Amino acid sequence: MENEREQAVHFLEDNERECTALMEQIIQDAENVFVIEKTDENIFCAFFCLKNSTTLLHYIPFVKNNLNYSENQSNEIIKLIKEFLSKHPVSCVYGEYDGSVFINSILEEIGKKKIKANEYILMENDFSDEIYSKEIEIRDDVTVKKCNIDDLQKLFVLEQGYQIEEVQVMKHDDNEKLINFILNRSLTTQNVFAAFLKDSDIAVAKVATNGIGIKYYQIGGVYCKKDYRSKGITKFALRNLLNYIQQNKKKAVLFVKVNNENARKLYESLKFVPCGQYMIAYFEK
């Protein structure tokens, strides 16, 4: 198993920016990680991870490289992927655009009803710009700190706002329990930075990683309270998180909704550049 994990890591490493969250699961030897390979040549065709049982993280080189396969080989791989998807209760598909389109088509073919699909621009920051050689300026109105589990309740309202505005496609029966679960996991396994009003425990913006790979940190969960937007606070919090990533000698990657011009301009101001496409699709359970 250790050898298989090393092979998978080595294979994905050059494409990690497209699948950082998946790479994290493989590095950690997470359960529910699956590989479909062309057995006669030991070529990897698809990587899947069922996170929280129903969220499918994927990277599918077969989709981009199917010209290397005969029609019979392609049909056999599609059959294996279809069998895999038929056996698992996938309700969210999360990953590189072409792979997501491919998976979505199979799920719909086997009878799953798609609720919504969000398209994103994948963006990368390698910290080569000169702004990252300068110190972060201090602000008079807020301070930013790296949070821990003791800050969970202080961040609850921010996570709630983020889930409602950016993530949830349906109302959850126990929203408070879900948000506490998400925050607990994020604060114990990821890097969460929050901007607090000066000399207070009131958090007004948060940023975090949601994937830690070998070469990349993936950023997600970026949110600011409405009354504090357009004041540069989110950018200030991000700059602190990016400084942390830079100090750890890794690159940063994130994805932003195609139609979210304000967010894209924010990331561009921090020298993120487009490098691909992403999609998150939701299906009825």
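Trainee: Which strand does Asn125 lie in?
Mentor: Keep in mind that we're looking at a predicted model. Find Asn125 in it and check the element around that residue: the strand is β5.

Trainee: Is Asn125 buried or exposed?
Mentor: Go by the relative accessible area, where under 20% is the cut-off for buried. Asn125 has a value of 1%, so Asn125 counts as buried.

Trainee: Which side chain makes a polar contact with the side chain of Asn125?
Mentor: Start with the residues around Asn125, leaving aside neighbours within four places in sequence: Tyr132, Leu242, Lys251, Ala252, Leu270, Lys271 and Phe272 are in contact with it. Leu270 comes in through its backbone oxygen, 2.8 Å from a polar atom of the Asn125 side chain. The side-chain to side-chain polar contact, at 3.0 Å, is with Tyr132.

Trainee: What is the order of the strands in the sheet?
Mentor: The sheet is open, has eleven strands and shows mixed pairing. Its edge strands, each pairing on one side only, are β1 (33-38) and β6. From one strand to the next, the twist averages 25 degrees. Reading across, you get β1-β2-β3-β4-β11-β5-β10-β9-β8-β7-β6.

Trainee: Which residue in β8 is the bridge partner of Ala194?
Mentor: Look at β7 and β8, which run antiparallel and are joined by five bridges. Follow the pairing from Ala194 into β8 and you land on Lys206.

Trainee: Helix α5 packs on the sheet, so what angle does its direction make with that of β4?
Mentor: Helix α5 covers residues 97-109 and touches β2 (43-51), β3, β4, β5 and β11. Compare its direction with that of β4 and the angle is about 150 degrees.

Trainee: How many residues of strand β4 are buried?
Mentor: Strand β4 spans residues 92-96 and is mostly covered. Count along the strand and the buried residues are five of its five.

Trainee: How many residues apart are Tyr94 and Phe255?
Mentor: Tyr94 counts as buried at 13% relative accessibility, and Phe255 counts as buried at 16%. Together with Tyr120 and Tyr278, they form one aromatic cluster. Tyr94 sits in strand β4 and Phe255 in strand β10, and the pair links distant parts of the chain: 161 residues apart.

Trainee: Which element supplies the largest share of the largest nonpolar core?
Mentor: That core has 30 residues, and Ala195, Ile219 and Leu238 are among those with the most contacts inside it. Elements supplying at least two residues each include β5 (114-125), β7 (192-197) and α8 (233-247). The largest share is seven residues, and it comes from α8.

Trainee: How many residues are in the second, separate core?
Mentor: Ala195, from the largest core, touches Val142, Ile202 and Ala237, among others. The second core is separate and includes Ala21, Phe44, Phe47 and Leu122. Its residue count is 24.

Trainee: How far apart in space are Gly211 and Thr20, C-alpha to C-alpha?
Mentor: Gly211 is found in strand β8 and is buried, with a relative accessible area of 0%. Its contacts beyond four places in sequence include Thr20, Ala21 and Glu24. Gly211 and Thr20 are 191 residues apart in sequence, yet their distance in space is 5.7 Å.

How values were computed: Residues numbered from 1 in each chain as written. Predicted model: local features only at pLDDT ≥ 70, side-chain atom pairs only at ≥ 80, totals over all residues. Heavy atoms only, no water. Core = buried A, V, L, I, M, F, W, Y, C linked by side-chain atoms within 4.5 Å. Buried < 20%, exposed > 50% of the residue type's maximum accessible area, 1.4 Å probe, protein only. Helix = DSSP H or I, 4+ residues; strand = E, 2+ residues; numbered from the N terminus. Contact = heavy atoms within 4.5 Å. Polar contact = N/O pair within 3.5 Å; in protein donor to acceptor, adjacent residues only side chain to side chain. Pairing = 2+ DSSP bridges. Axes fitted to C-alpha atoms, helices over the stretch in contact; angles between N-to-C directions. Phe/Tyr/Trp six-rings, centres within 6.5 Å; stacked < 30°, edge-to-face > 60°.
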